[in-house]
Amino acid sequence: MIAETGHYALVLALALALIQSTVPLVGARRGDVALMNVARSTALAQLLFTGASFALLVALHVISDFSVVNVFENSHSLKPLIYKITGVWGNHEGSMLLWVSILALFGGLVAAFGNNLPLSLRAHVLAVQAWVASAFYLFILFTSNPFLRIANPPIEGRDLNPVLQDIGLAVHPPMLYLGYVGFSISFSFAVAALLEGRIDAAWARWVRPWTLVAWIFLTLGIAMGSYWAYYELGWGGWWFWDPVENASLMPWLAGTALLHSAVVMEKRNALKVWTVLLSILTFSLSLLGTFLVRSGVLTSVHAFATDPARGVFILLILCIFIGGSLSLYAWRASSLKQGGLFAPISREGALVLNNLFLTAACATVFIGTLYPLALEVLTGDKISVGAPFFNLTFAPLFVPLMLAVPFGPLLAWKRGDLYGAAQRLTAAGIAALVAIAVLWAWTRGGATLAPLAIGLAVFVIAGALTDLAERTGLFRLPLAVSFRRAQGLPRSAWGSAFAHAGVGVALIGVVCETTWNSEYIATMKPDQVAKVAGYELKLDGISQRQGPNFREMIAQFSVSRDGRPLQVMTPSKRSFTTRGMSTTEAALLTRGVSQLYISLGEASADGGIAVRIYHKPLVLLIWFGPVLMAFGGLLSLSDRRLRVGAPKPAKAARALQAAE
Amino acid sequence: MTRKQRRLTMIGGSLAVLAVAAALVLNAMRDSIVFFSTPSMAAEKQIPAGKRFRLGGLVQPGSLVRGDNLAVTFAVADGSKTLEVAYKGILPDLFREGQGVVAEGALDASGVFRADTVLAKHDETYMPKEVADALKKQGHWKDDYGAKPSAASAKPMQGASK
């Protein structure tokens, strides 16, 4: 019964979405308040039904009802409870249901908290949201129904792919989807603005918090995924420029650009047309990401099961929404009036520069990801575009962007003073030069680019601090005054400083890890000692252990440095009987922000075991940076002006009164 | 500055950045792209020694030899030709004789493929897509290779790299 109820709830959600996608629009055309308000109730009801449907699928997994195909294929009665729950979205059908549930959640949030929106804008936004939702409900119901039954229920399930039996699965996909799908809100707002033919600074103020929420989750989701790949795949890499990773990076880059252009639009009423285009592009890239991952068109380290029907269906959704919204844009964009003027050297100019580089970087990732696909379709040649391509394109575009980051916040709106900004950045520049000189002296004869890159990162971090110091008058004014100023500083100023510093921190981590990573790969026998980066690792022995649904071979290493024992590390290799697969569980030892990393290879006949030991200096900064960025985003989100709500433009105010 | 000048500056700047990006992409396309070949395609095209490519096929049963210090050699076959592969390092968990494999590297002077990366698919019943396509094209495809590509998972490919 549970499965049938879940299926039925999803069908009802589709029906509600279809109502929501049409009735409010009719209402908006006729100026009928009652019809426009249908959007609100249907969005909330849709959330209820989709949420129920998702909860029922979770229930099926928890009680291990193997008469349901989805549970049978991805669960096992002995699997720990947490993986029974996370296993719900560890497969295609379940993850698509999670996708629409989050879409419904965002729609519900707009409906619940959008009371200060002009009525017709809200009706349009929710209607567009419902178009997307309807398409995905149809996709799930026709091609990937998670509630299908098996005629003769087996007594045991096939178990979840062991690689996915990890806490990472509990966090990474939901975060990533909150990010992907969160951009649907700015998309809906953009399409609504085009449909209405009206857009103003208040629009940007409504869009910004939603974009910010999506961006925070996407940032954390990508960072989490990267850390998961790092410790789970067992070879210490944290970013592979794999198509699936690029699929999440592209919306992130476009979303970051959107975040910045929305500021210009909100404060200065300029860049309207561009902001609308970016909103459309960002969500289009999210849809593209869903397509790349879900349709299995790409050979990738993450490759998903292939099913042409699904691929064609998602491709259709992709064409309709991207093609449709871009045509609408081409048709209606000219009706949006251009706003505020600004000189090229100004805060606006700096934000335009940021947008240029981010979108150009996004375009190179796009080409690198889709070119092999296009080439295969056109000529049949199979090529792989890997890290070298992205290092040669993405990195050079990021360098000028990073150089410009500290200047942006120091320039005034409208007309800035580049020379003045440069003067105020002298201290930051000196800090960067000192960092470069020290590193150069310290690693003489080593890599030449690395100290420069770290200098750049130091410049970005010091630049962010300079901005704060300038605003609070630190060192210029008495400390008490500075402190009071710091308290009065808008949270968004703190937010951007943290986020920019986060970029610098992540860059330091990336450079250190890639340049000064030391590795040791060999076959080791018990009591042998490996020396890596000043640490001595002694293999104490190898033992076997039985887990809940796997057998495990554990190697024990005692780690010491300069004769002082530090800790014991126990990397292991698990073999899962149900699927006949094995996974490598790396052992990590964290020292400050650096890590020692051990993963096991095969045991040899003579009692030895192949081991891979890495010392990764400052590696944790790679993920600490994004966390800092997300924290900055959170600070920005708590800014007073976003809580207080957008000032209502005169016309909208009248519409609201009519509603009451 | 007049409105027109401002607009021209903006457009000029945008075009400059786009031109740089395009130049970077074209340059990278020339140098850093790796083609995929099966052993018979490699023999046909007479790929010169030192040119990097991806070699895909089935690991010839009985060909895996483990040497000292993690050195391994094995042969990759596609039904008509085989190619000797040498690799030093830890093979992925799901590397098996008779299974599909993709290795990246280059031929050396003696015609042995020196791999620096070996990839194997994590689901045992599944075959790397490129390998499956190539085998199908050459008529060496057996249905049981791809019998159950069911398990959807986030990261089923696994690799080893030096």
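Modeller: A:Ala587 stands opposite A:Ile598, a residue of strand S10 of chain A. The model is predicted, so local features are described only at pLDDT of at least 70 and side-chain atom pairs only at pLDDT 80 or more, while totals for chains, interfaces and linings use all residues. Residues are numbered from 1 along each chain as its sequence is written, and chains are lettered from A and ligands numbered from 1 in the order in which they are written.

Strand S10(A) covers residues 594–603. Strands (E, at least two residues) and helices (H or I, at least four) are DSSP runs, numbered from the N terminus. Seven of the ten residues of S10(A) are buried, so the strand is largely enclosed by the rest of the structure. Here a residue is buried if 20 or more other C-beta atoms lie within 10 Å of its own, exposed if 12 or fewer, and partly exposed in between, with C-beta atoms placed from the backbone.

One partner of S10(A) is strand S9(A), residues 587–591, and the two pair in the antiparallel sense over five bridges. Two strands are said to pair if DSSP finds at least two bridges between them. The hairpin of S9(A) and S10(A) has two residues between the strands, and A:Gly592 takes a positive phi near 65 degrees in this hairpin.

Strand S11(A), residues 609–616, is also joined to S10(A), by seven bridges, and these strands run antiparallel. Within this pairing, A:Ser599 has A:Arg612 of S11(A) as its bridge partner. The hairpin of S10(A) and S11(A) has five residues between the strands, and there A:Gly607 takes a positive phi near 90 degrees.

The domain assignment of chain A gives domain 3 as 518–616, besides domain 1 (1–152) and domain 2 (425–516). Such bounds come from an automatic or database domain assignment. The centres of domain 2 and domain 3 of chain A, taken over C-alpha atoms, are separated by 37 Å.

Apart from its neighbours within four places in sequence, A:Leu489 is in contact with A:Arg471, A:Thr472 and A:Trp494, where contact means that the C-beta atoms, placed from the backbone, lie within 7 Å.

Key: Two residues are in contact if their C-beta atoms, placed from the backbone, lie within 7 Å.
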